[in-house]
Amino acid sequence: KMKSFKPHGLQALLRTMPDALVVPVVISGSWHLTQWQMKPVYPGAKITARVLGALPATDFQAADGVAKLEAIIRAQLPAEEAARPSATKNRAPATPA
């Protein structure tokens with residue numbers, strides 16, 4: 001399940017570089033990597049990254065700018081990705097029969 005963005009880092013970057021372009025990247029299926037703390041990653045785990053179009057930083061300068069960016073990325077995720085439970089720590093993968 002996608003977590004909320006932490007706004008302070010992006011806000012600091014936008015203050016420093018107000019003419020920058022913001023390029024949203026949507027990563028779907030990354031839970032496959034963190035499911036069992038990066039080990040093992042099974043063959044066939046589907047992880048996709050999609051780079052969206054560049055947007056001017058001025059679109060995100062307001063107080064709700066980071067929330068806007070989060071909404072753009074969230075809207076691009078498949079519905080099942082948003083409903084995925086968080087990875088359970090310290091849980092061994094099931095061994096195939």
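Predicted model: local features only at pLDDT ≥ 70, side-chain atom pairs only at ≥ 80, totals over all residues.
**Exercise 1. Find which residue pairs with Arg74 in a salt bridge, and work out how the two are placed in the helix.**

Step 1. Start with the partner: Arg74 forms a salt bridge with Glu70, and their closest N and O atoms lie 2.8 Å apart. The cut-off for such a pair is 4 Å.

Step 2. Now place the pair. Both residues sit in helix H3 (residues 65–76), four residues apart, which means about one helical turn separates them.

Step 3. Finally, check the surroundings. Arg74 is partly exposed, at 32% relative accessible area, whereas Glu70 counts as buried at 13%. The limit for buried is under 20%.

**Exercise 2. Describe helix H3: its span, its buried residues and what they pack against.**

Step 1. Take the span. H3 has twelve residues and reaches 17 Å from first to last C-alpha, close to the 16 Å expected at 1.5 Å a residue.

Step 2. List the buried residues: Gly65, Val66, Leu69, Glu70 and Ile73. Looking down the axis of H3, you find them within an arc of 140°, so they line one face of the helix.

Step 3. Ask what lies against these residues. The buried residues of H3 pack against helix H1 (7–16), strand E1 (21–22) and strand E2 (25–28).

**Exercise 3. Locate Arg50 and identify its contacts beyond its neighbours within four places in sequence.**

Step 1. Arg50 belongs to strand E3 (residues 48–51), and is partly exposed, with a relative accessible area of 39%.

Step 2. Setting aside neighbours within four places in sequence, Arg50 is in contact with Pro24, Val25, Val26 and Gln76. Take Pro24 as an example: Arg50 and Pro24 are 26 residues apart in sequence, while their C-alpha atoms are 8.5 Å apart in space.

Step 3. Look at Gln76 in more detail. Its side chain makes a polar contact with the side chain of Arg50, at 2.8 Å. Gln76 falls within the residue range of H3, 65–76.

Definitions and conventions. Residues numbered from 1 in each chain as written. Heavy atoms only, no water. Salt bridge = Lys/Arg side-chain N within 4 Å of Asp/Glu carboxyl O. Buried < 20%, exposed > 50% of the residue type's maximum accessible area, 1.4 Å probe, protein only. Expected span 1.5 Å × (residues − 1). Arc of directions from axis to C-beta. Contact = heavy atoms within 4.5 Å. Polar contact = N/O pair within 3.5 Å; in protein donor to acceptor, adjacent residues only side chain to side chain.
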